[in-house]
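Here's a walk through this structure, one spot at a time. Keep the sequence and the 3D view open as you read.

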Amino acid sequence: MSTSQTSTQIPPKYLREDELSDECKKLLLTLPKERGWLISDTYNYQGFWLSPRLLQGVIACQQQFQAHDSDIILATTPKSGTTWLKALLFVLVNRVKHPVFEQNHPLLVKNPHDLVPYLELTLYVDGQVPNFSSFTTPRLLSTHLPFASLPKSVQDSRTKLVYLCRNPKDIFISMWHFANDLRLDHTDTRSIEEMFELFCKGVSVFGPFWNHVLDYWKKSIEKPNQVFFVMYEEIKKQPEIQLKRLAEFLDCPFSVEEENSRVAEEILRMCSFENLSNLEVNINGKFSTGEANKSFFRKGEVGDWKNYFTIEMSEKLNDVIEQKFQGSGLRF
Ligand code: A3P
């Protein structure tokens, strides 16, 4: 996105530092602080990093959200491909109500983030109880919260969690671009080297990345019927296989009739980067918290990090990954 576009952009709600509650301001004074990716400072709350305004949404969500057993919650770290999986989930789960071949399908006129809203970033960002009356069952929701910081009702319920993971090198580059687009004070530049050092130290939005991934990974092994773990790269490589796995997990497998009419293929086509990024709503629309919808569609490729990383950066992150994921069974 060019500077002229960003300068007119309204900062997303979760980045605004005004309107913070007194409780939140007081708490911030007690939290460890580091230089932020998106705004001046980022704070460590319950072991993960977040912006001040987001803290308010996180606390409200943790205190107030009541999960239903039928809920489906997508959990990700930012830039894992959340937008893509939101689209896939919405179309997959709602395919009886909204057949995929329907001309006015909601995905064609709404951004995936409006169809599957974030708990802490959107619904609870004002610190108020949101109105869930317009939601149909199952409710489709999303979060960037680490597993241990999910509202207790989610951890105690039979809510299904879908976790999407992505190669951290691509996440870093994707976040780097996204942060540059969103950063409020454009004179406050951060070099890629500085952000990379922070990322390797674990300071990333909702990071450390490894803690986030490992907690959900372990839960997916412990409770495979409750936590589904999938990699962005796996969906890219074997889209139909992964979509069918997801459908089975969500108890809505494809019927023989659907197999014959190639519904899975059509879902993948509808949710493809090419299709979504060329929809009017995603070219000119705005996300409810203020970002331009198009900032969620950049390249949508595996391995773009190779265009940015030096050999030293790659080796350094390899070492961190090796150390953090050793023995977990996860490879990047
Ligand atoms: P890149 O910046 O590498 O292109 P999130 O949705 O979690 O914010 O992640 C955004 C990343 O997902 C961006 O990655 C974006 O281009 C990519 N993305 C968005 N829609 C996609 C789609 N339909 N298919 C594949 N990747 C997609």
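Let's start at serine 174, which sits in helix H9 (residues 168-182); helices here are DSSP runs of H or I with at least four residues, strands are E runs of at least two, and both are numbered from the N terminus. This is a predicted model, where local features need a pLDDT of at least 70 and side-chain atom pairs count only at pLDDT 80 or more, while totals for chains, interfaces and linings use all residues. Residues are numbered from 1 along each chain as its sequence is written, and side-chain values use heavy atoms, with hydrogens and water left out.

Is serine 174 buried or exposed? It counts as buried because its relative accessibility is 14%, and buried means under 20% relative accessible area, exposed over 50% and partly exposed in between, using a 1.4 Å probe and protein chains only. Leaving out residues up to four places away in sequence, serine 174 touches Lys79, Arg166 and Arg298. Contact here means heavy atoms within 4.5 Å.

One of those partners, lysine 79, is worth a stop. You'll find lysine 79 in the loop between strand E4 (72-76) and H4, and with 12% relative accessibility it is buried as well. Its phi is near 80°, a positive value in a residue other than glycine. Most residues other than glycine have a negative phi, and most peptide bonds are trans. Phenylalanine 206 also has a positive phi, near 70°; it lies in the loop between H10 and H11 and is buried at 1% relative accessibility. Another cis bond runs from threonine 137 to proline 138, with omega near -5°.

Back to H9. Which residues of H9 meet H10? Pro168, Phe172, Ile173 and Trp176 do, against Ile192, Met195, Phe196 and Phe199 of H10. H9 and helix H10 (residues 192-200) pack at an angle of about 135°, with axes 11 Å apart; the axes are lines fitted to C-alpha atoms, for helices over the stretch in contact, and angles run from 0 to 180 degrees between N-to-C directions. That makes H9 oblique to H10, since angles under 35 degrees count as roughly parallel, over 145 as roughly antiparallel, 65 to 115 as roughly perpendicular and the rest as oblique.

Phe172 turns up again in the largest nonpolar core: of its 110 residues, Trp37, Phe65, Val162, Phe172, Leu250 and Ile267 touch the most other members. Such a core is a set of buried Ala, Val, Leu, Ile, Met, Phe, Trp, Tyr and Cys residues joined through side-chain atoms within 4.5 Å. Helix H4 (residues 82-93) gives the most to this core, with nine residues. H4 also packs against helix H15 (residues 263-270) at about 145°, their axes 9 Å apart. Leu88, Val91 and Leu92 of H4 make that contact with Ile267, Leu268 and Met270 of H15.

Finally, how far can you trust the picture? The chain averages a pLDDT of 92, and 93% of the residues score at least 70; pLDDT is the predictor's confidence in each residue, from 0 to 100. Over residues 1-8, though, the pLDDT is below 50. Where pLDDT is low, the predicted coordinates should not be read in detail.
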